[in-house]
Amino acid sequence: MAEAEQVKVLRFWASPWSFRVELALKLKGVPHEKVEEDLANKSPLLLASNPIHKKIPVLLHNGKAIPESLIILEYIDETWTDNPILPKAPHERGMARFWSRFIDDKCVGACWMSCWTEGETQQMFMEQARACLRILDDELGGRRFFGGESIGLVDISASFFALWLGVLQEVAGISLINGDEFPNLCRWIEGFVASDVVTECLPPRDKLLAVFQSKKQAILATKSMVY
Amino acid sequence: MAAVKLIGSPISPFVLRTMIALSLKKVEYELLPEKLGEKSELLLKSNPVYKKIPVLIHHDRPICESAVIVEYIDQVWPESGYGAILPADAYHRALHRFWTFYVDDKLFPSLVAIGKAETEEAKAEAVEQFRAGLRLLEEAFVKLSEGKAFFGGDQVGFLDVMLGCFVVWIEAMEEVLSLELLEEATMPALHGWVVSFRAHEAVKEVMPESGKVVEFFKMIRAMRMKAAADATN
């Protein structure tokens, strides 16, 4: 008989990183408590759970603290084995990890900076962002999800593009993701946000839009992703 | 035709990581070094996204990114050689991966900054940042090793491989720049760990000679200083 599980997620409602964790837990049917953090006034629990980076998300599982969204996703997949999010075969597993890191190391940053810079700098970031999106679009091809028939690690990692990028480009007044240049990605976005599990976890678009509009000046000044 | 090929050479700490992993597993492979300043067609074809080494090619399928490659090696050859590299339980795996992210995102860039610093002030700042990072790893080592020789306990584990690949570079930079980076006084546990790591048979097999790394570091420093001087003329 399994001991009573205590699963908590230290999160922020507007964060795409904590969204990843909640989506994974939802996909696996793991009951959990969401602990909302005020990023301007971080809780003692957060500071104790992630002393090195002091960032959300953190997964707390029976007292063990696991930070960093991609690391949390692997932990979740290894701990609750129903509905796997990583492929089993070594090469496919390696490729899933490769694409998730590509998203975090190159794509998100280029898209973010495209929104908050101007002139030549903005053009440079937009070129980088487009190159990344092109690579992802090619990689996805005609598949329903990056994970094949079901949502997997790469889809979860790419959720930033499904909602946040659209909101950010609206606030910034630029166009990055569009159906002409990236037909596969746009089709993927439609399918991803239409999924019941995803809809249950996503923050409301209008609320997200409002928060980025209100923080626009502050973000323009710092370019920081902590908003 | 070798079933396992590795593009790169051990002078790159990221390639060295993968060589240590293959050595721990006693897997035979063909090493395909790249020429400095040139990228082979095989590399460009196998890693079109980053065009960087290391790339492992197994049964003609490439795997890129050193951390991804080491996890792949561990999964494909789970029991070979010295056995598992990743820890057995999910929480310790998460801890090894967490510190690996830290090494790659924070520690390694500060090591690079030391080598690139153009003023004494910049160098001192970079050195302090690097040492601060090592002090965190000292604490992590004490917790994870539980009194044993390695981050992985009795066995060389994932974090040992992912951090240990920089040991010869840290030593080379200490020699060339007359600095102490891995201070025995403030980091006694890590100091002991370096000795154990360097003494491991599988590591000794692939670790590049200190002299070679010192020469290489001096060469790239000279190239960088010349490029900077040329740019200001």
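Accessible areas here come from the Shrake-Rupley method with a 1.4 Å probe, and for residues only the protein chains shown count as cover. This is a predicted model in which local features need pLDDT of at least 70 and side-chain atom pairs count only at pLDDT 80 or more, while totals for chains, interfaces and linings use all residues. Residues are numbered from 1 along each chain as its sequence is written, chains are lettered from A and ligands numbered from 1 in the order in which they are written, and side-chain values use heavy atoms, with hydrogens and water left out.

**View 1. The fold and surface of chain A.** Welcome to chain A, which has 11 helices and 4 strands; helices (H or I, at least four residues) and strands (E, at least two) are DSSP runs, numbered from the N terminus. With a radius of gyration of 18 Å, close to the 17 Å that the globule rule gives for 227 residues, chain A is as compact as a globular protein of that length. The radius is taken over C-alpha atoms, and the rule is 2.2 Å times the number of residues to the power 0.38. Along the principal axes, the C-alpha atoms of chain A fill a box of roughly 60 × 40 × 30 Å. Chain A exposes about 10000 Å², and carbon and sulfur atoms supply 52% of this area.

**View 2. Inside chain A.** Of the 227 residues in chain A, 54% count as buried, where buried means under 20% relative accessible area, exposed over 50%, and partly exposed in between (1.4 Å probe, protein chains only). Take the contacts (heavy atoms within 4.5 Å): among those between residues at least 6 apart in the sequence of chain A, 71% join residues at least 24 apart. Chain A also carries 25 positive and 30 negative side chains, with the centres of the two sets 4 Å apart. Lys and Arg count as positive and Asp and Glu as negative, without His or the chain ends; each charge is placed at NZ of Lys, CZ of Arg, CG of Asp or CD of Glu.

**View 3. The annotated N-terminal domain of chain A.** An unreviewed UniProt entry places "domain: GST N-terminal" at residues 5-84 of chain A. UniProt positions are given in the numbering used here, feature names are shortened, and annotations may be inferred rather than shown by experiment. This stretch of chain A is 36% helix and 21% strand, and its end C-alpha atoms lie 19 Å apart.

**View 4. Chain B from end to end.** Follow chain B from its N terminus and the elements run β-α-β-α-β-β-α-α-α-α-α-α-α-α. Its C-alpha trace spans about 55 × 45 × 30 Å along the principal axes. Buried residues make up 51% of the 233 residues in chain B, and the accessible surface comes to about 11200 Å², of which 55% belongs to carbon and sulfur atoms.

View 5. In an unreviewed UniProt entry, "domain: GST N-terminal" covers residues 2-81 of chain B, a region that is 36% helix and 19% strand. The annotation "domain: GST C-terminal", also from an unreviewed entry, covers residues 89-216 of chain B. Here the chain is 75% helix and 0% strand, with end C-alpha atoms 39 Å apart.

View 6. Glu28(B) sits in the loop between helix H1 (13-24) and strand E2 (30-32) of chain B. At 73% relative accessibility, Glu28(B) counts as exposed. Arg135(B) is 107 residues from Glu28(B) in sequence, and their C-alpha atoms are 36 Å apart in space.
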